[in-house]
Amino acid sequence: MRIEEWDARYRSGERAAEDLFAGPAPLVVQTAARLDPGSALDLACGTGRNSIWLAEHGWTVTAVDGSPAAVEILNRRAIERGLAIEASVVDLEGEFRITPDSWDLILKCYYLQRSLLPAVRAGVRPGGVAVVIVHLARAGERTTYKHAAPGELRGYFADWEVLHYFEGQPEDAAHQRAVAEVVARKPERISL
């Protein structure tokens, strides 16, 4: 789906209503609750269900999405709750860059952009954590820009400490399609 279509879904209220009533992704809560709050980057944040929860639990959150409507909703929700979230509209497939070794936690939930994964890996500080959740291709279905192949996600973090890996039906009520989930800690040193 193109960003214009996502934006239209948010502006119509269709997607916004789904996100407003969905709590944060259970994997994000389970992971962040075990970490000391620090700096978090929420990529493809939508209306901010994960960003809001992180900020409410002491994290300094930067949230980015390509949809101006989604970011407007997130900013309104943050103001209503008295939260300071740095949320902005960015072109994740274009000029957006992640500064290396800058984040204690990077989230990339339900957004598969393979070209962004090396930047996610680089952006996590040594000892920091990445949480990535993507939808899986169904049996007999080709992998696409939206759906990963079974086992594909794990390969991106093979040289990290994998704290959690799962493929199957998510615990997340907002998503019904099978997913691949990884929570991985960046080594203090990566051997060359």
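**Entry 1: Arg114 and its partner**

I began with Arg114, which counts as partly exposed at 27% relative accessibility. The model I am reading is a predicted one. I then looked for a charged partner and found that Arg114 forms a salt bridge with Glu152, with 2.5 Å between the closest N and O atoms.

**Entry 2: other salt bridges**

I noted the general point that side chains of opposite charge can pair when their charged atoms come close. How many salt bridges does the structure hold? I count 7 from the search.

One of them joins Asp159 to Arg121, where the closest N and O atoms are 2.9 Å apart. I placed Asp159 in the loop between α7 and β6, and Arg121 in helix α6, 38 residues apart. Is Arg121 buried or exposed? Arg121 has 18% relative accessibility and counts as buried, because the limit is under 20%. Asp159 is partly exposed, at 41%.

I also looked up Asp101 and Lys186, whose side chains meet in a salt bridge of 2.9 Å, N to O. This pair links distant parts of the chain: Asp101 is in the loop between β3 and β4 (103-109), Lys186 is in the segment after β7, and 85 residues separate them. Asp101 is partly exposed at 41% relative accessibility, whereas Lys186 is buried at 9%.

**Entry 3: the sheet**

I traced an open sheet of 7 strands with mixed pairing, in the order β3-β2-β1-β4-β5-β7-β6. Which strands stand at the edges? They are β3 (85-89) and β6 (161-168); each has a single partner strand, so one side of each has no neighbour in the sheet. On average, neighbouring strands of this sheet are turned by 10° against each other, direction ignored.

I then followed one pairing. Strand β5 (residues 124-135) and strand β7 (residues 179-185) run antiparallel and are joined by 7 bridges. Within β5, I found Ile133 opposite Glu181 of β7.

Next I checked what lies across the sheet strands. Helix α5 (residues 68-81) lies across β2 (60-65) and β3, and runs at about 165° to β3.

**Entry 4: aromatic rings**

I searched the whole structure for aromatic pairs and got 1. The pair is Phe157 with Trp160, edge-to-face, 5.2 Å centre to centre and with 75° between the planes. I looked up the accessibility of these residues as well: both Phe157 and Trp160 are buried.

How values were computed
Residues are numbered from 1 along each chain as its sequence is written. This is a predicted model: local features need pLDDT of at least 70, side-chain atom pairs count only at pLDDT 80 or more; totals for chains, interfaces and linings use all residues. Side-chain values use heavy atoms; hydrogens and water are left out. Rings of Phe, Tyr and Trp (its six-membered ring) pair if their centres lie within 6.5 Å; planes under 30 degrees apart count as stacked, over 60 as edge-to-face and the rest as tilted. Buried means under 20% relative accessible area, exposed over 50%, partly exposed in between (1.4 Å probe, protein chains only). Two strands pair if DSSP finds at least two bridges between them. Helices (H or I, at least four residues) and strands (E, at least two) are DSSP runs, numbered from the N terminus. Axes are lines fitted to C-alpha atoms, for helices over the stretch in contact, and angles run from 0 to 180 degrees between N-to-C directions. Contact means heavy atoms within 4.5 Å. A salt bridge is a side-chain nitrogen of Lys or Arg within 4 Å of a carboxyl oxygen of Asp or Glu.
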